[in-house]
Amino acid sequence: MDDELRTVGGRIKWVRRQQNLKIKDFASLLGISANYLSLLEHNNRQPSEELLRKMADYADTSYEWMKTGSALVVDNYEIPDTVQEQPKQARDNRAPNIRLCLCLLKIYCPNLFPDTVCGILGITPEKLDGLMDGTEKYRPGWDKTFEVLAGHLQKTEAEQDAGCLFRAVNEFSRQNERRLFKSFVEDYLDAHVDSTYRRGDVEEPAPDGEPYELPDCTVAVYSAGSVCFPAGARDETEHWRFRYMCITSNPDHIQSGKLTGTDLRRYQDVARSLLPKVKPGPKKKEPAQSRHDILIFDNKALYERFAACMAAIQADRESRGDRLAAQQLPTLLLVDLEGDRLLNTQGALPRFAFTTMRDHAAECLGGKPDVLGMPEPLTLATPTLWGYKFCFLRSKANQEEPMLYFANYLDMAETDTAEMPDKETVTTLLKEAVDSLQVFDSYSSYFFVFRNQALYQTVLKYAHELVAEDSFNNECGHKMNDLQFLLLNQDCTAVQETSGSSVPARP
């Protein structure tokens, strides 16, 4: 809550929730679209002064607070204390929690209260009451006397009760996570479901089977879903299923990085278990409906590992036949549940995109290449932009060095709120590619692959601008000639357009 209220978007979201309104309902009252309100709440757009005043007037709050967050009290609302700056103090330098100590003594040693405790501390019953309610301050000279009082505690009984308390707090934390998960799903659906559909209620999150024991953590899966009906007919429906991948143990042990051996196979096995079972043979005719499967993560390392596994599964399916290749894989979301923010999206690799990239690599390398390692998900600054990095390897008998073909597949979420990447994001990707080419020199080539034509053209435009910069051109601009850009057709079965020589480096 603290960080959320420091932004205009966070304050807009806070006011909406104080009114118990969904995104689409608040947007309707303001006369704007739900998609635009979602962009405002996630700080991807800045509201006009007129709109911000309208929000403040509707919610009976201060316009100044909505704009700057400077006021601590907003008319009829009391802003949570968490937005106020609190002095940070190291735990080792803090005074003991006297109230907690005395409460424990009163629970487990009631015969000591109040006479014995007052006698040991040398205080009056009135001052003891002040310590209990926090109005009386701790005295540093009491350290030894509190050690004497602590010796009266029955340690075993207190530890058992503390274990019960810990389990209760842990369960409360799980319930809070499920509540935040459901709230995020509701906001996500409000922003992404087509306006011609009517969204049903979101189910209460429930455990989706037993937790998964992974090599470096334990993951519980909570599932929630919703059914959306068209406005004019009820025979065509959209089924949305969300699963929250919640780390329940060792969250600090999982680190970003590649997995190998049995650890990698275990992650792949769990990823496959999350997919619908696909049977060989012709597909049965089903009622007109569409299905959206979404996996939600709040841990970046876990998110990246499952994204890599999903891309590898798609590549494997394409090698085993069209029936498997046609099955849609889930979309992965990296989120901040506390802040109700979408951090990154990793869409499913389109059918046949991998095969087309591999075939193009075979043409460039002079033979069928091997896939080197797992695909790497690209974590990008724009939440609706996603991609994978592939590396193909071809060894030639008459060459000492192998030939490498790098391919970055880039795509965008199919939603009205999707934004084109800015120049900084694209420049970072291009410079990383050039750095790879400099490392491997003449033994590699680097391709950027797209299905979205507008995204393809945007990246090309920034590539032209980067070449035109003297500082970049003097340092490594000659390597830009070695970058190639491929636009696939919508089915991803062929290369529709290529560009490379059209981005020349200046002499």
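What we have here is a predicted model, and I will begin with its largest nonpolar core, which holds 48 residues, with Phe297, Leu302 and Phe306 touching the most other members. The largest share of this core, 10 residues, is supplied by helix H12, which runs over residues 300-319. If you set aside the neighbours within four places in sequence, Phe306 is in contact with Leu214, Met245, Tyr267, Val270, Ala271, Leu274, Phe297 and Leu332. There is also a second, separate core of 27 residues, and among its members are Leu385, Cys391, Leu404 and Ala433.

Stepping back to the chain as a whole, 46% of its 507 residues count as buried, and its secondary structure comes to 17 helices and 17 strands. Among contacts between residues at least 6 apart in sequence, 67% join residues at least 24 apart. The accessible surface is about 26900 Å², and 48% of that belongs to carbon and sulfur atoms.

Now to a pair of helices: H2, residues 23-30, and H4, residues 49-59, have axes that come within 10 Å and cross at roughly 110 degrees, which means that H2 is roughly perpendicular to H4. On the H2 side the contact is made by Phe26, Leu29 and Leu30, and on the H4 side by Leu51, Lys54, Met55 and Tyr58. Sorted by class, that contact has 6 nonpolar residues, no polar ones and 1 charged residue.

Let me turn to the backbone, keeping in mind that most residues other than glycine have a negative phi, and most peptide bonds are trans. The peptide bond from Phe113 to Pro114, however, is cis, with omega near -10 degrees, and Pro114 sits in the loop between helix H6 (98-108) and helix H7 (115-121).

Phe352, in the loop between strand S10 (341-346) and helix H14 (353-365), has a positive phi of about 75 degrees, and because its relative accessibility is 16%, Phe352 counts as buried. Cys492, in the loop between strand S16 (483-488) and strand S17 (495-499), has a positive phi of about 60 degrees, and at 0% relative accessibility Cys492 counts as buried too.

Finally, in helix H8, residues 125-133, the buried residues include Leu128, Gly130, Leu131 and Met132, and just after H8 comes Gly134, with a positive phi of about 90 degrees.

Conventions:
Residues are numbered from 1 along each chain as its sequence is written. This is a predicted model: local features need pLDDT of at least 70, side-chain atom pairs count only at pLDDT 80 or more; totals for chains, interfaces and linings use all residues. Side-chain values use heavy atoms; hydrogens and water are left out. A nonpolar core is a set of buried Ala, Val, Leu, Ile, Met, Phe, Trp, Tyr and Cys residues joined through side-chain atoms within 4.5 Å. Buried means under 20% relative accessible area, exposed over 50%, partly exposed in between (1.4 Å probe, protein chains only). Helices (H or I, at least four residues) and strands (E, at least two) are DSSP runs, numbered from the N terminus. Contact means heavy atoms within 4.5 Å. Axes are lines fitted to C-alpha atoms, for helices over the stretch in contact, and angles run from 0 to 180 degrees between N-to-C directions. Angles under 35 degrees count as roughly parallel, over 145 as roughly antiparallel, 65 to 115 as roughly perpendicular and the rest as oblique. Ala, Val, Leu, Ile, Met, Phe, Trp, Tyr, Cys and Pro count as nonpolar, Asp, Glu, Lys and Arg as charged, and the others, Gly among them, as polar. Accessible areas come from the Shrake-Rupley method with a 1.4 Å probe; for residues, only the protein chains shown count as cover.
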